[in-house]
Amino acid sequence: MRPTRLWPLLLLLGVFAAAAPPSDPLSQLPTPQHPKIRLYNAEQVLSWEPVALSNSTRPVVYRVQFKYTDSEWFMTDIMSIGVNCTQITATECDFTAASPSAGFPMDFNVTLRLRAELGALHSAWVTMPWFQHYRNVTVGPPENVEVTPGEGSLIIRFSSPFDIADTSTAFFWYYVHYWEKGGIQQVKGPFRSNSISLDNLKPFRVYCLQVQAQLLWNKSNIFRLGHLSNTSCYETMADASTELQQVILISVGTFSLLSVLAGACCFLVLKYRGLIKYWFHTPPSIPLQIEEYLKDPTQPILEVLDKDSSPKDDVWDSVSIISFPEKEQEDVLQTL
């Protein structure tokens, strides 16, 4: 190859060499691997895998920085964000550790970057994709769910998955998934209130339910459907009409039972009248003298009986007829 043909190639290599940035001699540590941002309810947590070095006994520390849209990078310390994630040995940075209301504003565009450090050495920066809490959050189920059975109804009270500072820009809708045990599931909602009443339910039936929240962010028209709460089952109470029906049924049932019992008693009395009379009739008693004789046969029973039954003198009046007139006598004779 002629030397004149090498000039374009050498010139191109020189351009690339001039354009390449000089290597950083201190960037000799490996970068943290698999960084993840956890946005669950109000939580904002960055985690990563540790950097392992076999030829060093000193611990590797980590530095986290953040920035908003078109802003510079800021240190993650108490003054800026409320938590310190500068030169930490942990492999996690919880931006809401101080309180659930701490951390980045939920409607801000946030970008994070991370690197490892060991003395004067450090790794290259690992930059995560930007996020907005309302856009990327995972909404959990409503909390503190309480159910009170009512008259053919269930009254449900609960709290929101997390607090929203400005409800004019973002708020929650709620849905109730419910079904009669062994029946078909139904959905009622949406509701803005944290107290929901399921009406027109069958009395004395077991209903199961789950509550679900949905986050609405008005600014970007974002909808984030949350997780369902745990399934819980409750038995409804009787309503006024059911209680009246119960009273009527109990009264009719009692009257019918008493009527049946009375009829059965009359039938048994008529059918077994002789037997009943025999059971309740007082058995004849033996005269005292005969009973004593049976106990002692040597006793002169006849004398005792004669003694007790001594004849008494008969008492009568004597009437004598002196005379009758003839006519009266005839009448008497005719009468006789």
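Arginine 38 is partly exposed, with 43% relative accessible area (buried is under 20%, exposed over 50%, partly exposed in between; 1.4 Å probe, protein chains only). This is a predicted model, where local features need pLDDT of at least 70, side-chain atom pairs count only at pLDDT 80 or more, and totals for chains, interfaces and linings use all residues. Residues are numbered from 1 along each chain as its sequence is written, and side-chain values use heavy atoms, without hydrogens and water.

Arginine 38 meets glutamate 43 in a salt bridge at 2.9 Å, N to O. The term means a side-chain nitrogen of Lys or Arg within 4 Å of a carboxyl oxygen of Asp or Glu. Glutamate 43 is partly exposed too, at 32%.

The structure holds 5 salt bridges. Arginine 63 forms one with glutamate 117, with the closest N and O atoms 2.5 Å apart. Arginine 63 sits in strand E4 and glutamate 117 in strand E8, so the pair ties together parts 54 residues apart in sequence. Strands are DSSP runs of at least two residues, numbered from the N terminus. Glutamate 117 also bridges to arginine 115, at 3.0 Å. Arginine 63 is buried at 14%, and glutamate 117 at 4%.

Now the sheet. Three strands run in the order E11-E12-E15, open and antiparallel. Strands E11 and E15 stand at the edges, so one side of each lacks a neighbour in the sheet. Pairing requires at least two DSSP bridges; E11 and E12 share 6.

Arginine 205 lies in the loop between strands E15 and E16.

Terms used: Helices (H or I, at least four residues) and strands (E, at least two) are DSSP runs, numbered from the N terminus.
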